[in-house]
Amino acid sequence: MSNALETNKLSKRYGRTWALQDCTLNLPAGRVAALVGPNGAGKTTLLHLSVGLLEPTAGSVQVFGLSPTTQPGEALPRLGFVAQDTPLYKGFRVDELLTLGRKLNPGFDDALARARMHNLNIPLDRRAGKLSGGQQAQLALALALAKRPDLLLLDEPLASLDPLARREFLRQLLDAVTETGLTVLLSSHIIGDLERVCDYLIILSASHVQLAGDMQEIARTHKRLIGPRQDEAAIASVHTVIEASHTERQTTLLVRTNGPLFDPSWEAQEVSLEDIVLAYLSQQASERLQTPPSAREQNGIEVLK
Amino acid sequence: MTWLVWRQHRAEGLILLVVLAVISVFLLITGLEMANSFQQLRLSNCLNLVSRDSPCQGRMQVFDNQYSFLLGGTTLLLPLPLLLGALVGAPLVAREVEQRTHLLIWTQSITRMRWLTVKLALLLGVVLLVSGALLALLYWWQSPSAQIHGSFISRIYDTSGPVWVASALLALALGIFAGALTRRTASAIFLTIALFVAIRVPVEVLWRPNFETPVTITWPIDQQEPPALSNQAWRFASGYIDAQGNRSSDLREGCTGEMTTTQCLQANGVQANYISYQPGDRFWTFQWIETGIYMGFSVLALFAAVWLVRRRLN
């Protein structure tokens, strides 16, 4: 399957700080991917690099085989982007923003945008700055969708929305995905709401990609193992231990399995996606993962360090 | 894109248009009155007379007394280009970044460079047209005074030739550059003013008098009156030349009452009187040289702005 987004050792440095380092990533077309990581992990940097707002310090990024910085004329029409906090020209009326979309995008679907505004009860003659946060987010989404992009990138689209607006926003997004089959990459510092919407997961932390892969696959291969207190070395020789905690009598591990589990002394449990994400994020904070080389790129999951 | 430029700049455009309309009406009314006085005082007969006791002198004085306030008011026009630079130029990139709308506008199908070049082309084009139109009016308005006093007086020189247009374009270009550099509208406005003054003042004060080598004429010390010079000549230095050819504007020693002027000058070692000036017919050459200088700075500023937007932002 072709990739909507491909990065290769993509790195971005601001002054002396690396915002993103050696990020290698393939996002297959047709996926709805969640880009998850704590604040300051490099999510915004990755998205901005992907839409050509930033130029890489090193490495490369391609959308549908096009470089967003050197081939913006070809790449930009295929990209939809909604930046964090959905910046809009606050003094423009809603219909003026739609006109802006129409004037600046040859393939702009004006009817679609107007229909969305109508369905959401957003008055066309209201100034964008007078709309509620949720309405502004919907307007920004409508503008990006009416561009008819092949890849839609959303930077923390849910952060400023209340739970109701969040649900509505995601519903609108999913409708669009089912209608057009576009690829979506949306960033968030929490996984909660995204679980139902996304089928692909990318975990980014401390400017590195920790994990990227199919969501179900990730859920299937990650297990919580509970057993009598013991060292995790035996398990770690076959599987990848993400997190280990010990009490006096018991050891609890969160592992990515690289094959079947044989040792009957362990009790294997399903883990929620949220726990997996948290494990990766806290693991990053403590130590670097020791992965058997053979385990890399197994199960369609890429592990990058 | 044209629509967007119109939509984003219509407020500033309206302000500038109102300012210009008020100025134009004012110039029309007062200009007609001045042209009328000029004719009634028969000042056109006076233009080639330079003798001090000519009856023309009195009539010129009448004209000057009547309109000096008005003519001096032209100085108020000089900050107009700065207003343009601060109002339109400085926020062009800075406000987008401040309000983060650059993230919206640079991710539409149109490329960032096209966004910038269309904006620049349209705004510079409009400024060129509008300042050109105002120039035509100013040129007509200043002409009575220019005929009497010469076009080299800075209040006339700055507002009745292509330097006026170039100065508007320079302010706009510097504003755009400052905005792209600082990404803050407020700091960009200050930087625009600073840069504009830093370029204009030295050019006007230090460079302009020397665009071409000034003409110097000398006359003997026993001759009180200098040779006749046209009204149009720009006199900027006069004084005494000693035997070594050194020029000075003051005498080393004062003169006592018993001495005649000639004796006094001789006592000071003065060999001749001199006066340095730029002939009036160099006006347009000077205008185009200065226009070239400002255009050069404008092009530099615009290239820097394009580079900043392309490479440095974010």
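What percentage of the 314 residues of chain B count as buried? The share is 33%, a residue being buried if 20 or more other C-beta atoms, placed from the backbone, lie within 10 Å of its own. The model is a predicted one, in which local features need pLDDT of at least 70 and side-chain atom pairs count only at pLDDT 80 or more, while totals for chains, interfaces and linings use all residues. Residues are numbered from 1 along each chain as its sequence is written, and chains are lettered from A and ligands numbered from 1 in the order in which they are written.

The overall form of chain B comes next. Its secondary structure comprises 11 helices and 4 strands, taken as DSSP runs (H or I of at least four residues for helices, E of at least two for strands) numbered from the N terminus. Chain B is more spread out than a compact globule, because its radius of gyration of 25 Å is well over the 20 Å that the globule rule gives for 314 residues; the radius is taken over C-alpha atoms, and the rule is 2.2 Å times the number of residues to the power 0.38. The C-alpha trace of chain B spans about 85 × 50 × 30 Å along its principal axes.

Chain B is divided into domain 1 (2-46 + 54-211 + 283-312) and domain 2 (215-281), with bounds from an automatic or database domain assignment. The centres of the two domains of chain B, taken over C-alpha atoms, are separated by 39 Å. Between them, 7 residues of domain 1 are in contact with 8 residues of domain 2, where contact requires C-beta atoms, placed from the backbone, within 7 Å.

At the interface between the chains, 22 residues of chain A are in contact with 17 residues of chain B. On the chain A side, the elements that give two or more residues are α2 (72-75), β5 (79-82) and α3 (94-104). Of these, α3(A) gives the most, with 5 residues.

How does α3(A) lie against helix α1 (residues 2-40) of chain B? Their axes come within 9 Å and cross at roughly 150°, the axes being lines fitted to C-alpha atoms over the stretch in contact, with angles from 0 to 180 degrees between N-to-C directions. The two helices, α3(A) and α1(B), are therefore roughly antiparallel to each other, a description that applies to angles over 145 degrees. In this pairing, Glu96(A), Thr99(A), Leu100(A) and Lys103(A) of α3(A) meet Trp3(B), Leu4(B) and Arg7(B) of α1(B).

Note on methods:
Contact = placed C-beta atoms within 7 Å. Buried ≥ 20, exposed ≤ 12 C-beta atoms within 10 Å, placed from the backbone. Parallel < 35°, antiparallel > 145°, perpendicular 65-115°, else oblique.
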